[in-house]
Structure formats: structure tokens, C-alpha cells
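Here's a quick briefing to read with the model open beside you. Have a look at the fold, then go through the points by topic.

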Amino acid sequence: MTKAILLGAGLGTRLRPLTNRVTKCLVPIAGRPLLDYWIEEISKAGVTEALLNTHYLAEQVQDYIEQLDGDLLLTEFYEPKLLGSAGTIAANPNFADGADEIIIIYADNLSNVNLTELLAFHRQHTDPFTMLLFHAPNPKACGIAELDSQNRITSFVEKPENPATDFANAGIYVVDSQAYREIAALQAFDLGFDVLPKFVGRMRGWVWDGYHSDVGTYKTYLQAQRDAVELATGKFNQGQPAIFLDRDGTLIESVHYLSKPEQVQLVPGGGEAIKLLREAGFACVLVTNQSPIGQGIITEDDLTAIHKVLSEQLANYGTKLDGFYHCPDVPQVKDRTVVDSYERKPGPGMLFQAAEEMQIDLTSSWLIGDMISDILAGYHAHCKGLILVETGKGLEGKTNSAVNWHTVPDLTAAVKLILN
Ligand SMILES: [Mg+2]
């Protein structure tokens, strides 16, 4: 029997503001909570019992656990004060009872590691400890191992000045139950610093050549979104190109809190613009912030009725939109450049979801919008081109000088720019 410890209580401070409202192990990756990927993988590897530590926003994790189905028995271990990776084990010394081995996973990484193969390797050798290793692009920032010809780890150094290899600790271990009890008895704080050095000479390394990423910073987080889409579809930049369109002030006339179907009016040239884009091979995808839903001003049904009229107006031009995405979240901050919701623009969530569901290659896609929040959503989603139209609200407030975009008078001009 194999059990698993999922270490998921990290604060995710480098991912703020995203982690102001969602705990790190639940940040969405291509539309799924990060923890989902680990639950699926340990279940595939035959784990039926797991322990997950929590701290910050623990109630979110409790809700997540409650909605899980399947055979996995996942138990929460709440830490009022963070105990450290080794401390969590020290506080649960009996968790190894009844298990042959325990997989220990830092659940804030994204990886496509095959845990079944890792377990098979662990069972083949005689040492009580196996560490998953990956090829680090930046070995100086990682824990680095040296291996002998039997894959035994002969040295392990955290953040070495002169790395001997690029074999980096992936934060995934398999330990025999006896080794687990030994770690617990150390009453240590950190696995990397306090525990691993004690196992040098009696642990093996298993090198994973597949995908492995620390989702620690906003940049790596956004990259992980793309990677996850590519891992899931097996397509690396092979999807269709799309045009992501903001709605109000871009595709239809801007109305303050548009709430009725009869208020929908395509901008001049809007119908022809969509027709031209689709004929050129672009999927046309609407991405619209709909905080009136979150505020209770309109319902989902109202929005469906509004979009039905939009579709009818486009049909008059012999064209249509290929996808509709909306986010009902109510903004928590006034600054339109701050991502405080993953889905709500300037967050990239709607674009990533569309990319996943419609097999869109974001890097050959464009975004057209009338506000800085639109532009930044396209930027965060790695779109190839960003176009601001002057038919809507305008930039409204501070801009981001790191981001480059085109400014054109209207949608017709935007299409001309793209097709040229
Ligand atoms: Mg707009």
C-alpha cells in the first residue's frame, strides 16, 4: 500500500495579488485547480490515502476536498502556524502505519511526472529514499544532486555556487515507512535543508526528462498555463489562431451597464470585420467582463438573450462568433491593471480556457479591446498582437510601459492591420 503526503500550505507570496483571494495549491492552471493535477496523478499511481496540510485560506481547501469524488481518502491537516515540510511529517508520525511507502509531494509544482514509474524505480533498489530529479535550467537556484553509476545520490547541495550537475530536486520523494518514521523522529523543520543531507549515500535519484515547473512567480505561473494546455492536448503551438474580442466599445456600441437585448448594436463595420477575420482563418472569440452578473444587475439568462441578439446581427452579415466567454466576477480593486481575479480581465483566464477548449494557439492570436484591462489580458496570455480601438472607453488611468500595443481608430482598422 502506498500513501501520499501533499504539501500545499505555502503562502504563495510571490504570486500576489492572485493569491490574495485563492490559496496557492488551488490557483487555476488552464481552468483546473493546481491540486487537481496531483490528485489525478496519485490516484493513477494507486494511492488511496493521502494527507494534505493547510494553513492560509484553509476553508477553500476544505470545500475542495468535500467536492472530490473517487476512491481517494484525502485528509486535511490544518496548521495554525506553518510547521515546515519536515515539521508536517514530524506532526504526523503515525501516518506511515500500514503503508509500504509514502510519496511526499510539494503540491505547488506543475509536473507531468509518471508516479507509477517512479514507484517502480523505488521498489527496484534497496535504499529507503528516492528523490525525483529534473534538469534545471537554473541549477544555482536549486538543490543539486550528484549520482553514481547506480543512481545513488553521493552529494546534495542547496543552491550551490558551482553546480556539479543540473540534476535538481523536484520536490517529490518516495520513502519507505521506516524512513518516514526516521524523518518524523528528527523533529526538523525543512526537508531540503534539515533532512536530505542525512540521507546522502542511502537515497537514489530518478531523473525525469518530462515536464516539471515551479509555479512560484507570476511569470512561471503564466507560462505554466500555456504548458498545461500543451501537455493536455499534446500540441505544442499547433492550434488554430484566434482573435479575442472585447465586446462593449469594441464589437458593439458602448452602453453603460448594458442590460437589455435591444441595446445591442454592432459598431459600424463590425459585421464585415468578423466576416473578414473568419475568412482569413481566425476563430473569433468574445471575451467579456460581466460584473453586472456578479452584482445581481443581470442574470446569466439575460446575458444569453443579449448574446443571441448579437449573433442575429452578425448572421445578417453571413458570419458569427466562434466562442463566447464571460466572467461574472465583481472587481475588488479600482485599478484596471491589477489582476485580482484570474478570469476577469486583465487576468488571462478566459483566454486560457478558450485556448484549452478550442485548441487555440495563443502565440499566433491577437486581442482587440478598448481598455488597458483588455490589452493586459492579451499580454498575460502571450498573444502575438494587441490592438486598442478608440471607439470605447479609452485607457482610463495608468498604463504599463512594458507592454506594447497598436492603437487604431476602430475595429475595421484593427482588422486591416491584422490582415496586412
Ligand atoms: Mg470594452
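Predicted model: local features only at pLDDT ≥ 70, side-chain atom pairs only at ≥ 80, totals over all residues.

The expected span of a helix is 1.5 Å times one less than its number of residues. Residues are numbered from 1 along each chain as its sequence is written. Helices (H or I, at least four residues) and strands (E, at least two) are DSSP runs, numbered from the N terminus.

**Two domains**
- The chain is assigned domain 1 (2-219) and domain 2 (237-419); such bounds come from an automatic or database domain assignment.
- Their C-alpha centres sit 39 Å apart.
- Where they meet, seven residues of domain 1 are in contact with eight residues of domain 2 (contact means C-beta atoms, placed from the backbone, within 7 Å).
- Helix 1 (residues 18-21) gives the largest share of domain 1's side of that meeting point, with three residues.

**Strand 6**
- Six of the six residues of strand 6 (residues 101-106) are buried, so this strand is largely enclosed by the rest of the structure (buried means 20 or more other C-beta atoms within 10 Å of the residue's own, exposed means 12 or fewer, and partly exposed is in between, with C-beta atoms placed from the backbone).
- One side of the strand has Glu101, Ile103 and Ile105, and the other has Ile102, Ile104 and Tyr106.
- Strand 1 (residues 2-7) pairs with strand 6 in the parallel sense over six bridges, with leucine 7 opposite tyrosine 106 (pairing takes at least two DSSP bridges).
- Strand 11 (residues 167-176) pairs with strand 6 in the antiparallel sense over five bridges, and here isoleucine 102 stands opposite valine 175.

**Helix 11**
- At 1.5 Å a residue, the 16 residues of helix 11 should span 22 Å, and the end C-alpha atoms are 22 Å apart, which agrees.
- Leu303, Ile306, Leu310 and Leu314 of helix 11 are buried.
- They cover an arc of only 85° around the axis, which puts them on the same side of helix 11 (the arc is that of the directions from the helix axis to the C-beta atoms).
- Turned away from that buried side are the exposed residues Asp301, Thr304, Lys308, Glu312 and Ala315.
- Cover for the buried residues includes helix 9, helix 10 (291-294) and strand 16 (323-327).

**Helix 9**
- Gly270, Ala273, Ile274 and Leu277 are the buried residues of helix 9 (residues 270-279).
- Just after helix 9, glycine 281 takes a positive phi of about 100°.

Methods: Contact = placed C-beta atoms within 7 Å.
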